[in-house]
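Dear colleague,

I am passing on to you the structure shown below, and after it I have set out what was found. Please read the notes with the structure open beside them.

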Amino acid sequence: MKLLVLGGGPAGMTAALQAGELNARATLIESKRVGGTNINEGPAPVRTLARAARLARDARSWETFGLKGERPHIDLAAVLANASRVANYAHEKKHLAEYLRSTGIELIEGAGPARFLDQHTVGVADGRTWRADTIIIAVGGHGRVLPIPGAELALTYSDIWTLKQLPASVAIVGGAATGCQLASILEDFGCQVYLLEYAPRLIPREDEDISIALADAFQKQRMTVITGAGTERLEKVDGGIRLHYRKQERPESLTVDAVFFATGWPGNVDALNISAAGVVTERSYIPVNDYLQSNVPHIFAAGDINGQSMLVQSARYEGRLAAENAVLGPYHRFTHEIVPSGSFTDPEYASVGLTEAEARQHYECAVAVVHYADLVRPVVDAHPEGFCKLIIERRRRYILGAHVLGEYSVEIIQMVAACMAGGMRVEQVAELQLAYPTFTEAVGMAAQKLVRELGLAPLPQLWSDIKSPPVQPSG
């Protein structure tokens with residue numbers, strides 16, 4: 001079988017490699033450099049910016065640990081150069097392209113956008129064409145630009161690499177995961193940040209307690225958070241860019257040095273000439289069935305282009321399943337029920353499964369919250385702000401969801417995801433002998449709280465629940 005993969009990001013690379021494992025002849029066409037947004041300019045390099053921001057932030061607590069010295073200053077050029085280290089590692093140390101070719105994949109890089117000529121054929125601008133039995137579309141997405149007057153004055157997620165100097169003040173339009181991470185990094189770099197979100201709260205898809213706590217933390221860091229704000233236009237003025245927005249029907253404005261849009265991640269369908277293949281699209285995405293097939297059965301869509309999960313881990317998973325279904329026939333359904341995710345903001349946050357509101361709509365639930373301030377490790381590290389929330393179904397006692405805010409949130413949530421995937425009941429999680437002192441103890445302590453609440457076992461009072469005894473009156 002001849003299989004063609006369009007797009008060399010995590011979904012496309014995984015699909016091509018899996019097709020090879022199944023003895024299909026795979027061709028992988030990448031418009032730019034293999035690795036996609038993930039490795040070249042997205043989550044991986046941006047994580048290095050978050051690391052630099054973290055180091056700058058931690059310098060504020062030196063005195064707490066008896067350390068003295070000059071505070072670090074931000075050398076933007078050096079920070080951005082370091083961010084490219086991840087991409088260079090993948091290409092120069094891991095020899096990503098060479099490895100793909102060594103497995104028998106025909107890799108075409110720097111081809112520019114591929115376009116459908118018919119249902120089995122695609123071509124590129126230089127005249128080359130490829131024909132295949134099955135095709136997997138994995139061309140990813142891009143930062144959305146708001147269709148408003150003055151939009152050309154704004155930057156997007158990918159433009160951060162073009163900055164020559166840090167703006168003294170910046171407005172981030174969009175308070176979901178990308179906008180919050182960008183706002184947090186720039187605030188830690190010393191910028192005055194205004195974060196605007198159209199919804200009533202930041203990260204509106206997250207658990208409400210996480211949203212409220214993150215906004216509160218941002219505001220304590222002197223970030224200005226404006227929710228329920230609809231951005232209407234931008235204009236160039238002396239001293240920067242004026243952003244006009246409307247909040248509760250009242251017109252407002254603010255003036256900053258730079259504006260970033262973080263208002264969504266539409267799929268890269270426009271250049272595909274997708275109508276030539278008869279593939280249906282919806283709002284810049286390719287809708288798929290449970291087997292990742294488009295409405296044309298031999299054409300599959302994996303990763304951001306199908307609008308399902310929009311996460312790197314999900315893209316890899318979908319790429320593998322799409323290849324299996326393309327080569328062996330549609331038999332493997334995809335699911336995103338247990339997908340841990342998070343953001344490297346200050347503070348970090350992470351989640352897996354249902355929010356408390358979602359869980360209560362469908363189940364009789366029990367919820368436990370353990371605050372970081374009641375754990376030893378956060379106090380040791382001087383980061384006692386945060387909490388871990390565990391949500392279970394009362395009757396069968398399985399974990400429905402978990403939400404963490406604070407240090408190492410993204411690492412902690414992986415452990416909960418593993419417990420969920422393993423079908424562990426809350427009493428089994430409560431029995432885990434987790435290392436001490438760690439942040440992950442919060443999960444075990446939350447489980448123990450629930451065991452006590454449900455009367456499943458006579459457990460002693462938890463460390464987190466121990467309070468100073470009341471002072472008895474003398475005499």
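**Notes on the pockets, contacts and backbone**

Helix α7 provides the largest share of the lining of the second largest pocket, namely four residues. Before going further, please keep in mind that this is a predicted model, in which local features need pLDDT of at least 70 and side-chain atom pairs count only at pLDDT 80 or more, while totals for chains, interfaces and linings use all residues. Residues are numbered from 1 along each chain as its sequence is written, and side-chain values use heavy atoms, with hydrogens and water left out.

Two or more lining residues come from each of α3 (43-58), β10 (192-197) and α7 (208-220). Sorted by class, the lining of this pocket has nine nonpolar, seven polar and ten charged residues. A pocket here is an open set of points on a 1 Å grid over the protein atoms alone, with protein on both sides within 12 Å along at least five of seven lines, whereas a cavity is a set of points where a 1.4 Å probe fits but cannot get out; lining residues have an atom within 4 Å of a point. Points are joined across faces, edges and corners, and a volume is the space filled by probe spheres set on them. Helices (H or I, at least four residues) and strands (E, at least two) are DSSP runs numbered from the N terminus. In the classes, Ala, Val, Leu, Ile, Met, Phe, Trp, Tyr, Cys and Pro are nonpolar, Asp, Glu, Lys and Arg are charged, and the others, Gly among them, are polar.

The structure also holds one cavity of 30 Å³ or more, and the volume of the largest cavity is about 40 Å³. Its lining is made up of V46, L49, Y157, I160, T178, Q181, L182 and I185, with α3 and α6 (177-188) as the elements that give two or more residues. Helix α6 gives the most to this lining, with four residues, and the lining has six nonpolar, two polar and no charged residues.

Because Y157 lies in the loop between β8 (155-156) and β9 (169-173) and W265 in the loop between β15 (258-261) and β16 (299-301), the pair ties together parts that are 108 residues apart in sequence. A search of the whole structure finds three aromatic pairs, where rings of Phe, Tyr and Trp (its six-membered ring) pair if their centres lie within 6.5 Å, and planes under 30 degrees apart count as stacked, over 60 as edge-to-face and the rest as tilted.

As for helix packing, the axes of α1 (residues 10-21) and α8 (residues 312-328) come within 7 Å and cross at roughly 35°; axes are lines fitted to C-alpha atoms, for helices over the stretch in contact, and angles run from 0 to 180 degrees between N-to-C directions. From α1, the residues P10, A11, T14, A15, Q18 and A19 meet V312, A315, R316, G319, R320, A323, E324 and V327 of α8, contact meaning heavy atoms within 4.5 Å. The residues of this contact divide into eight nonpolar, three polar and three charged.

Finally, some backbone details deserve a look. D346 and P347 are joined by a cis peptide bond with omega of about 5°, and P347 lies in the loop between β17 (341-343) and β18 (349-353). The bond from Y436 to P437 is also cis, with omega near -5°, and P437 lies in the loop between α12 (426-430) and α13 (441-454). Q248, although not a glycine, has a positive phi of about 50°, and this residue lies in the loop between β13 (240-247) and β14 (250-256).

With best wishes
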